[in-house]
Amino acid sequence: MMESVRAKKQLGQHFLTDLSIAQRICDSLSGFATPHTLEVGPGMGVLTAFLKERKDLNLRAAEVDRESVDYLIAKWPEMAPRIIYGDFLRLPLGEMYPDGVNIIGNFPYNISSQIFFKVLENRSLVSECVGMVQKEVAVRIAEKPGTRDYGILSVLLQAFYDIEYLFTVHENVFNPPPKVKSAVIRLTRNSRESLDCDEKLFIKVVKGAFNQRRKTLRNSIRAAFPEVGERTHEFFSLRPERLGVDDFVELTNFVESCLKK
């Protein structure tokens with residue numbers, strides 16, 4: 001059996017070496033809604049070792065690195081049927097987990113935002129998500145309205161998930177050590193079934209607002225949607241970080257009424 005896996009920069013790999021942190025991440029997943037659990041990017045299996053011992057979880061792992069897959073199978077032959085060699089972003093979660101799934105992992109830094117967007121797209125399936133990401137990404141996702149780091153990911157994810165910033169992880173517990181601190185966050189599906197607006201337009205409105213976040217909404221919304229013209233709204237004097245999810249729903253409905261004129 002190979003002794004280790006070479007971390008590949010192009011895959012955003014930084015292998016966790018601190019077992020106590022791996023245990024904390026594992027323990028952060030409640031698994032309250034479903035036992036079905038998918039680990040994203042197990043690497044050398046530091047987190048996998050704790051997850052596979054949980055009797056309440058039905059664990060599988062998705063890994064895009066062939067070297068890591070071979071390493072894991074050699075280390076735990078009994079895990080071979082549960083290790084998926086493939087890109088998580090391309091997996092058909094609806095076919096794999098029609099009854100729902102938890103997502104967990106030390107997420108590759110270069111695709112962490114894409115992972116959360118896939119979780120959002122599959123919100124009817126993903127009841128809980130625990131992930132370690134760059135600290136700045138974790139802060140951005142968990143921030144509340146009115147703060148500097150509140151942005152697109154904050155609004156879109158908080159529309160359907162309750163988000164908790166759990167703990168910070170320092171650089172020296174990885175091999176190779178990243179240049180930034182990391183953090184672990186937990187997303188738990190909230191009770192909102194749908195938005196009271198056109199959800200595709202909602203995403204466009206949120207992105208349009210934050211693409212010019214230093215400007216007031218009067219300028220950013222008119223730039224993104226010229227059809228708004230000279231019509232005005234009570235939020236137009238504000239900057240986008242002042243608006244919560246329900247406010248953006250209201251703004252979306254206003255924009256939709258302008259588009260129909």
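Which residues does Gly-105 touch, not counting residues up to four places away in sequence? Select Gly-105 and look around: Glu-39, Val-40, Leu-47, Val-130, Gly-131 and Met-132 are there, where contact means heavy atoms within 4.5 Å.

Before going on, note that this is a predicted model, in which local features need pLDDT of at least 70, side-chain atom pairs count only at pLDDT 80 or more, and totals for chains, interfaces and linings use all residues. Residues are numbered from 1 along each chain as its sequence is written, and side-chain values use heavy atoms, with hydrogens and water left out.

**Stop 1: the strand of Gly-105**

Gly-105 belongs to strand β5, residues 101–106. Helices (H or I, at least four residues) and strands (E, at least two) are DSSP runs, numbered from the N terminus. With a relative accessibility of 0%, Gly-105 counts as buried; buried means under 20% relative accessible area, exposed over 50%, and partly exposed in between (1.4 Å probe, protein chains only).

**Stop 2: the nonpolar cores**

A nonpolar core is a set of buried Ala, Val, Leu, Ile, Met, Phe, Trp, Tyr and Cys residues joined through side-chain atoms within 4.5 Å. The largest one here has 58 residues, and Leu-38, Ile-103, Phe-116, Phe-202, Ile-221, Phe-248 and Leu-251 have the most contacts inside it. Helix α10 supplies the largest share of this core, seven residues. A second, separate core has 28 residues, including Val-184 and Tyr-109. In soluble globular proteins, nonpolar side chains tend to be buried together.

Next select Leu-38. Leaving aside neighbours within four places in sequence, Leu-38 is in contact with Ile-84, Phe-88 and Ile-103, among others.

**Stop 3: helices α8 and α10**

Show α8 and α10 together. Their axes are 9 Å apart and the packing angle is about 105°; axes are lines fitted to C-alpha atoms, for helices over the stretch in contact, and angles run from 0 to 180 degrees between N-to-C directions. The two helices are therefore roughly perpendicular. Angles of 65 to 115 degrees get that label, while those under 35 count as roughly parallel, over 145 as roughly antiparallel and the rest as oblique. Among the residues that meet here are Phe-202 and Val-205 in α8, and Leu-251 and Val-255 in α10.

**Stop 4: aromatic rings**

The whole structure holds four aromatic pairs. One of them joins Phe-210 and Phe-248, tilted, with 5.9 Å centre to centre and 35° between the planes. Rings of Phe, Tyr and Trp (its six-membered ring) pair if their centres lie within 6.5 Å; planes under 30 degrees apart count as stacked, over 60 as edge-to-face and the rest as tilted. Phe-210 is in α8 (residues 199–210) and Phe-248 in α10 (residues 245–259), so the pair ties together parts 38 residues apart in sequence. Phe-210, at 7% relative accessibility, counts as buried.

**Stop 5: a buried glutamine and a cis bond**

Is Gln-158 buried or exposed? Gln-158 is buried, with a relative accessible area of 12%. Gln-158 sits in helix α7, residues 152–158, and its contacts beyond four places in sequence include Tyr-150, Asn-190 and Val-245.

Finish at Asn-175 and Pro-176, which are joined by a cis peptide bond with omega about -10°. Pro-176 is in the loop between β8 (174–175) and β9 (182–189).
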